[in-house]
Amino acid sequence: MLAARLSVPQALSYTAVCLLLLCVASLLLGAGDIGILPSLQALLGGSDEDARFIVFELRWVRTELALLVGLALGAAGVLLQAVTRNPLAEPGLLGVSAGASFAVVLAINLGASAASLHLGVAMLGSLVGCVLVLLVTRMRGVGDDPVRLVLAGAAFSSMLGALSSLLLLWDQRTADEMRFWVIGALAGRPLDTLDWSLPGLLGGLLMALLVVRPLAALALGERVASGLGHHPQLTRLGTLLAVAILVGTATAAAGPIAFIGLIVPYIARRLVGSDIRRTLGLSMLLGPCVLLLADVISRLLVRPYELPVGVVTAFVGAPILIAVVRNHRLPTL
Amino acid sequence: MSIRSHLQRTAAAITTSLLLALPLHASERTLDSAYGPVKISGTAQRVVALGDSALDAALSLGIQPVGTLASRGGDDVPDYLKTTAGKITLVGSVREPNLEAILRLQPDLVLASSDLSRDLYAKLSLMAPTVVPTGNSFQDWRKTYLTYAQALGKQEEGQQRLAEIDKRSAELRHRLPQGQAVSVVRWNPQGPVIMSSHLFVGQLLNDLGLRANELAAAQAQKPHSDVLSLENLSRINADWIFLATLNPDGRKALEDARKQPAFTRLSAVVDGHVVTVDGQIWSSSSGYLAAQQVLDDVEKALLD
């Protein structure tokens, strides 16, 4: 177990400051011609019509979305790592996000189009993904080996990816609409996205709060958890349900964004140690930080064009994945 | 007899025999193609048209190909050619022509698109003379069209068709307001892409005296831009925006676009100057029939 380097309040306050700064950066920086100074003026009540529009209608909305999605993915990552006792577990890597987006692609292919329907379908898809993860972890020789679990997840993800591409091949006309469900983005989401995804986020977080104590007990072993009066199996199911709701919400809102659920718990563990009671809260602040940073980068790299944010998170996440795997003292959670 | 006069007589004899033989082999011709000269004789009976432009050319010259490819982004012949093409065998998609299916049709001429790979060319030309037009889709579309016409032995008809288009655009040009800026855009919810103005449609619009939007003109190397940031959406603005959609229901694409406030505040949108058009014509085909359709669309949008 990594030694805690910061107290929880310290870590929380540092992260909160970072988050605030990143929010401001997200409002001031973009791929457009409206630079930092005009943006700042608009933010402080300037009257330039274009700058006001870009800051309040475009950047503000995607900043809010990044907060919501980052929070959901950060929390989901910590929960999934705790329940699989695997520092590599990540909704994107284990196929939970792929399950969600495949479900949505399938639904669109069958004729669905309402955004609110996407939410339910995505949650259902990620739940199926979660259940598969649970089944795999019960398999002898796979569940207790972090790398093998990720390999199983990668196989599952690529299978779902192949199925999604198959659907795209059948119906290439909707390819533009579907591309979003292959790699996520925060830009240009319908304005009501926040309205319908907020309840999903709150529901998922509520569920997470219910399981956090039994989950911490489970980290000490099944017998200890049972001795403390918790149901190990019920705890696992509850946790996976929370993960499914969180990932489903995030995917319906912004498409599949990989690696946030890996990067965030990794940083959180380094800051405050591996106890989920310490990392969960912190990861809810770290998630939005990482996603906002990735989003700001995605706007600045190829101006006047933009990269989907999922591309940037993959570039940041892949090295961390390798770092964790290469670390010989792979922490068992 | 001097050597010189001997040579003269021989030359005369050869010329005479050539002249006599000419009517018999009148349709024997050699075409310049991207992968070297191609010999074609007679009028092809079983043409396989690989690509929308090749199909467009053949149909516009009154030739019914026996096989063609599913168009880009679709799973069938492009909509605008469907009735004219009638029953036609699909031999794969633009991305992946199916060689076995082509062989089964026993073609005597293959019209390919200019981006056919050398590898595929080598295999196809074992089955039948294969014509790959020189250049690329950025060159004058008439040149590609004429290459196909020549391959089909219909050079004159081809030139007539092109003259018809030129006449019609010259006539339309007189009636259109001059110097209007136009852009052709494909809508993605995360941000649109703008089509290069140097392709087929851009050339036609230019002939009509319409001015390409700045960003479209800057796409000199690529068929379309990358996904534009919504913050820069004003760069797709023009006096008229043609929204090319691969969806059969163009209205839905427009509705989607209208959900985005960055789109609705463009002056073209405020003025009601957004026209949805068939992306299969406007962003991926070329030819006589496509040109007529583009001119129809422009006439209807700007004059009605």
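B:Thr134 is partly exposed, with a relative accessible area of 27%. Partly exposed sits between buried (under 20% relative accessible area) and exposed (over 50%), with a 1.4 Å probe and protein chains only. B:Thr134 is placed in the loop between strand E7 (130-131) and H6 of chain B. Helices (H or I, at least four residues) and strands (E, at least two) are DSSP runs, numbered from the N terminus. B:Asp115 is 19 residues away from B:Thr134 along the chain, and their C-alpha atoms are separated by 9.2 Å.

This is a predicted model, in which local features need pLDDT of at least 70 and side-chain atom pairs count only at pLDDT 80 or more, while totals for chains, interfaces and linings use all residues. Residues are numbered from 1 along each chain as its sequence is written, chains are lettered from A and ligands numbered from 1 in the order in which they are written, and side-chain values use heavy atoms, with hydrogens and water left out.

**Salt bridges**

Side chains of opposite charge can pair when their charged atoms come close. Over all chains, the structure holds 21 salt bridges. The criterion is a side-chain nitrogen of Lys or Arg within 4 Å of a carboxyl oxygen of Asp or Glu. Three of these pairs are set out here.

| Pair | N to O distance |
|---|---|
| B:Glu231 and A:Arg59 | 2.7 Å |
| A:Glu306 and A:Arg62 | 3.1 Å |
| A:Arg299 and A:Asp295 | 2.9 Å |

B:Glu231 and A:Arg59 meet in a salt bridge. This pair crosses between chains: B:Glu231 is in the loop between helix H9 (214-218) and strand E11 (240-245) of chain B, and A:Arg59 is in helix H3 (residues 49-84) of chain A. Both B:Glu231 and A:Arg59 are buried.

A:Glu306 forms a salt bridge with A:Arg62. The pair links distant parts of the chain, 244 residues apart. A:Glu306 lies in the loop between helix H12 (276-300) and helix H13 (309-326) of chain A, and A:Arg62 in helix H3 of chain A. A:Glu306 counts as buried because its relative accessibility is 11%. A:Arg62 is buried too, at 6%.

A:Arg299 and A:Asp295 are 4 residues apart in helix H12 of chain A, so about one helical turn separates them. A:Arg299 is buried, with a relative accessible area of 0%. A:Asp295 is buried at 1%.

Chain B also holds a network of salt bridges, which links B:Arg168, B:Glu171, B:Arg175, B:Asp296 and B:Glu299.

**Helix packing**

Axes are lines fitted to C-alpha atoms, for helices over the stretch in contact, and angles run from 0 to 180 degrees between N-to-C directions. Angles under 35 degrees count as roughly parallel, over 145 as roughly antiparallel, 65 to 115 as roughly perpendicular and the rest as oblique.

Helix H6 (residues 141-151) and helix H7 (residues 155-175) of chain B pack at about 150°, their axes 8 Å apart. H6(B) and H7(B) are therefore roughly antiparallel. In chain A, the axes of helix H11 (residues 260-272) and H13(A) come within 9 Å and cross at roughly 55°. H11(A) and H13(A) are therefore oblique to each other.

**Nonpolar patch**

A:Leu127, A:Val128, A:Val131, A:Leu132, A:Leu135 and A:Leu241 make a nonpolar surface patch of about 450 Å². Patch residues have over 30% relative accessible area and no salt bridge; like charges are joined within 9 Å, nonpolar side chains (Val, Leu, Ile, Met, Phe, Trp, Tyr) within 5 Å. Accessible areas come from the Shrake-Rupley method with a 1.4 Å probe, and for residues only the protein chains shown count as cover. Helix H5 (residues 115-137) of chain A gives the largest share, 5 residues.
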